[in-house]
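This report describes selected local features of one protein model. Please have the sequence and coordinates open while reading.

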Amino acid sequence: MLPLYTRAEMRAVDRAASERYGIPSASLMESAGARATDFIVQRYRDLRDVVIVGGEGQNGGDGWVVARHLHARGIRARCVLIGSPDKVRGDARPNFDALAKLGIDVSSTLKLDGATLIVDALFGTGLARALEGAHAEVVQRINDSDVAVCALDLPSGIDADSGQILGAAVRADVTVTFAGYKRGLFQFPGVEHAGALHVVGIGAPVPDSDVAVIETHDVATCLPRLSRDAHKGSRGHVLVIAGSQGKTGAALLSAIGAMRAGAGLVTIAADRETQPVLEHKVLEVMTAQFSDAASILKLVEGKGAAVLGPGFGITEARKQLARELARHLPVPSVLDADALTALGGDLEQLRNAVAPRVLTPHPGEASRLLGRSTAAVQADRYGAVRELAERSGQVVVLKGAHTVIGSPGGSIRVCAAGTPALGVAGTGDVLSGVMGALNVSLSPLSAAWASVQIHALAGEIAATSDRGLLAHEVADAIPRALERARDRAREPA
């Protein structure tokens, strides 16, 4: 997995380099700029005229180092300072002063005629206010140009922690980020502004983080191949408590997801009216009737995991039943869709659940669970998933583009795989089934992040466009997603 960092953590890296290891801060800037230049020269083959746009701060200093190294390689570098030369401070100062001594053009006006690349060095991780005035105007001019853009550390205007736009933000083709990936680079809209990502070291140690991006090969490490003598009984039996009149498809998709992900047996538990309808639709999956909570608790005996909620219904009787089951199901259980609606804002009741739970809200469901707007949830997805996990005492999967998975212990995982084609009815039901199957043998957190990654990869494999994907096609692609993960694990490091 790839660790992700906040602005505060990156500042701590800089402080530790100086205070603990005795590495001058000027050396860190030099390393960052030099290594960024190496990447830029390798990435862009036609570098005749590079415009470096910098600010008064340390990110500008990184840009001035890049300009100096480009100049030393015989590549024309033109520097534009947005701000006052008198306000350039710290390690940026000597690097800025060196530009004129080396004969490198320095201007206060952005001119892009003849430019083959723009290097964005306006603001880095330290930005915490909205861009306005001259800075916003320059950002707009960069975005309106047809010149390729490489951002240093972060696209200027993107919040390092959340990925939100601070007034205005540069749209980069590539972002060279320093020391480690920033959290904001892996959430929207930051993802769209960052382009391709590349991390370069700065010559100082970087600690691990409890927030990380899942890599495809991680799935293979987490989910080993079955033994040759595996059978349906050893692979786990999942009970899917789902479906109601008009919503039988949700139950079926969840069950198929569980089977495709490796469950040996799956039973759908449905009420007396719905079970006969399902019985006419299933092939590999079994069905059973329930009448109340006691009958469901009887059905779950001997099962390895459960899924509760897809298409379950939201009448008052169903909500009460879902709340009771959410607390008392004696096996690891996935709570999805209508089961989350039944919880309302009372997440604390899950702290007394008799077995582990994994909650899988989409942003709208998360907003109801937290009692805030969907926009507020989306503006800080890391914070939202952390609060949901802490309040419930359970693992939480906040679905959406770049799904965020959090545990009550503070660990967070991010899935960067997937496709917009997954944004269609039923794909969430498939995911809950996959998670149910993996819950049989893995810890709740591992089951959650591995399921999300497998599901996203299956979407990529099944989709032939950015639309038109059907949920059952995602389920059918799960075995190929597993093989893709294993293929990646076999590739040399």
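## Strand β11 and its partners

V238 has V266 as its bridge partner in β12. The two strands, β11 (residues 237-241) and β12 (residues 265-270), run parallel and are joined by 5 bridges. Strands here are DSSP E runs of at least two residues and helices are H or I runs of at least four, numbered from the N terminus; two strands pair if DSSP finds at least two bridges between them. This is a predicted model, in which local features need pLDDT of at least 70 and side-chain atom pairs count only at pLDDT 80 or more, while totals for chains, interfaces and linings use all residues. Residues are numbered from 1 along each chain as its sequence is written, and side-chain values use heavy atoms, with hydrogens and water left out.

β11 also pairs with β14 (residues 305-308), again in the parallel sense, over 4 bridges. In that pairing V240 is opposite V307. Together with helix α8 (residues 248-260), β11 and β12 form a right-handed β-α-β unit; right-handed means that, with the strands pointing away from the viewer, the path from the first strand over the helix to the second runs clockwise.

## Burial of β11

Of the 5 residues in β11, 5 are buried, meaning under 20% relative accessible area (1.4 Å probe, protein chains only). In a regular strand, side chains alternate between the two faces of the sheet. One side of β11 carries H237, L239 and I241, the other V238 and V240, and both faces are covered.

## The seven-stranded sheet

An open sheet of 7 strands with parallel pairing has the order β4-β3-β2-β5-β6-β7-β9. Because β4 (105-107) and β9 (196-200) each have a single partner strand, one side of each is left without a neighbour in the sheet. Neighbouring strands are turned by 20° against each other on average, direction ignored.

Within this sheet, β2 (residues 49-54) and β3 (residues 76-81) pair over 6 bridges, with D49 bridged to R76. Helix α2 (residues 25-43) lies across β5, β6, β7 and β9, at about 155° to β7; axes are lines fitted to C-alpha atoms, for helices over the stretch in contact, and angles run from 0 to 180 degrees between N-to-C directions.

Q187 lies in the loop between β8 (181-182) and α6 (190-194). Q187 counts as buried because its relative accessibility is 1%. Beyond four places in sequence, its contacts (heavy atoms within 4.5 Å) include S162, G163, Y382 and H402. The side chains of Q187 and R381 make a polar contact at 2.6 Å. A polar contact is a pair of N or O atoms within 3.5 Å; within protein, one must be able to donate a hydrogen and the other to accept it, and residues adjacent in sequence count only if both atoms are side-chain atoms.

How values were computed. Buried < 20%, exposed > 50% of the residue type's maximum accessible area, 1.4 Å probe, protein only.
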